[in-house]
Amino acid sequence: MRSFFSKFKDGLKKTTPTFYKIFGRVGGIFSGKKLDAASLEELEEALYGADFGVETTMEIIEEIQAAYKKDKDLRGQDAARIGASVLARVLEGAEPTEDWLGSARPEVICLIGVNGSGKTTTTAKLGWKFKEDGKDVVLAACDTFRAAANEQIKTWAERLDLRLVSSHHNADAAAVAFDAYQAAKDKDVLIVDTAGRLHTKSNLMEELKKIRRVLQKHDESAPHHSWLVVDGSLGSNSIEQARKFHEAFGLTGLIITKLDGTSRGGAIAGIYRELGIPIYFVGLGEQKEDLQPFTVKNYCNAIFGLEEA
Ligand SMILES: Nc1nc2c(ncn2[C@@H]2O[C@H](COP(=O)(O)OP(=O)(O)O)[C@@H](O)[C@H]2O)c(=O)[nH]1
Ligand SMILES: [Mg+2]
């Protein structure tokens with residue numbers, strides 16, 4: 001089996017071609033030779049292009065520049081290592097603790113986010129992951145708003161042989177959550193998939209809050225996890241979105257999807273800077289196994305084209 005790192009790195013390849021190119025060039029053409037102002041400029045452009053934002057980009061560039069001032073023989077690989085370590089510093093605390101899954105029965109995880117961000121796919125992938133870990137999982141189909149949503153999650157549940165509680169189109173989403181909790185009682189994990197109408201419409205926030213209230217009738221501390229699922233290819237646009245959801249709902253974590261198909265995977269840094277909550281998983285494709293735990297080291301190394309240390 002391929003190592004986690006290679007899977008992560010392959011998944012991120014489309015995120016990082018510019019980085020590979022730059023450091024490939026700096027490390028290749030310049031290998032044994034000096035880094036120069038032009039390659040630093042190119043790096044700066046690439047960082048902006050990948051949506052790392054001003055703060056993070058400047059921190060990375062300034063630190064490489066400072067090292068370059070001290071050592072004019074600095075090579076591409078050295079610059080990449082500095083960049084990766086600055087990025088790791090920005091993301092300090094972004095990894096969840098190992099025992100993040102508590103011992104409530106069930107632990108309730110609510111996935112929220114705008115339409116198309118990847119909630120339903122992530123619900124299925126997460127369910128499969130827990131099942132692979134020997135956990136008893138129930139999924140709740142609380143996107144009753146879109147007609148196709150029920151079918152989509154049903155198909156996943158059948159394919160992965162996961163227990164699903166669902167209702168009909170336009171049913172009360174909170175009622176589905178209530179029933180699903182009952183079905184998940186004394187089981188390990190309940191994953192609640194929700195609707196994603198635009199966050200600017202307060203009725204979605206109301207619906208999400210109602211789901212939470214209903215879950216709390218069963219267990220005051222539920223949902224134990226409220227994760228925002230963010231489409232990583234949306235770049236910096238997703239930061240504002242994340243802030244709104246956080247204000248309305250009080251998020252406890254993030255899942256960043258579609259990092260396999262974008263050149264803008266840098267928004268992770270901006271979102272983390274803004275919200276300061278852990279990034280639990282990253283989505284690296286559309287298959288059940290394409291959900292990987294987020295680790296700062298793997299992400300930073302992949303962005304800067306470094307091998308696993
Ligand atoms: N390439 C890629 N596609 C993804 C990923 N996660 C979800 N998708 C796709 O994004 C689309 C929307 O996903 P969906 O789960 O329906 O989003 P939802 O509206 O938030 O429930 C679907 O076509 C998914 O297959 C990912 O990590 N990588
Ligand atoms: Mg959905």
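In which crossing, left-handed or right-handed, does α6 pass α7? The crossing is right-handed; the legends below give the details.

The model is predicted: local features need pLDDT of at least 70, side-chain atom pairs count only at pLDDT 80 or more, and totals for chains, interfaces and linings use all residues. Residues are numbered from 1 along each chain as its sequence is written, chains are lettered from A and ligands numbered from 1 in the order in which they are written, and side-chain values use heavy atoms, with hydrogens and water left out.

**View 1. Packing of helix α6 against helix α7.** Helix α6 covers residues 119-132 and helix α7 residues 147-160 (helices, H or I, at least four residues, and strands, E, at least two, are DSSP runs numbered from the N terminus). Their axes lie 10 Å apart at an angle of about 20° (axes are lines fitted to C-alpha atoms, for helices over the stretch in contact, and angles run from 0 to 180 degrees between N-to-C directions). The pair is therefore roughly parallel (angles under 35 degrees; over 145 is roughly antiparallel, 65 to 115 roughly perpendicular, and the rest oblique). In the right-handed crossing of α6 and α7, the near helix is turned clockwise from the far one by less than a right angle. T120, T121, T123, A124, W128 and K131 of α6 meet Q152, I153, W156 and L160 of α7 (contact means heavy atoms within 4.5 Å). These residues comprise five nonpolar, four polar and one charged (Ala, Val, Leu, Ile, Met, Phe, Trp, Tyr, Cys and Pro count as nonpolar, Asp, Glu, Lys and Arg as charged, and the others, Gly among them, as polar).

**View 2. Cysteines C110 and C142.** The count of disulfides is zero (a disulfide is a pair of cysteine sulfur atoms within 2.5 Å). For C110, the nearest cysteine sulfur is that of C142, 7.4 Å away. C110 is buried at 1% relative accessibility, and C142 is buried at 0% (buried means under 20% relative accessible area, exposed over 50%, partly exposed in between, with a 1.4 Å probe and protein chains only).

**View 3. Surroundings of S226.** S226 sits in strand β5, residues 225-231, and is buried, with 4% relative accessible area. Apart from residues up to four places away in sequence, S226 touches C110, F249, G250, L251, T252 and G253.

**View 4. Surroundings of I61.** Helix α4, residues 53-70, holds I61, which is buried at 2% relative accessibility. Beyond its neighbours within four places in sequence, I61 contacts L40, L43, E44 and L47. The C-alpha atoms of I61 and L40 are 7.3 Å apart, with the two residues 21 apart in sequence.
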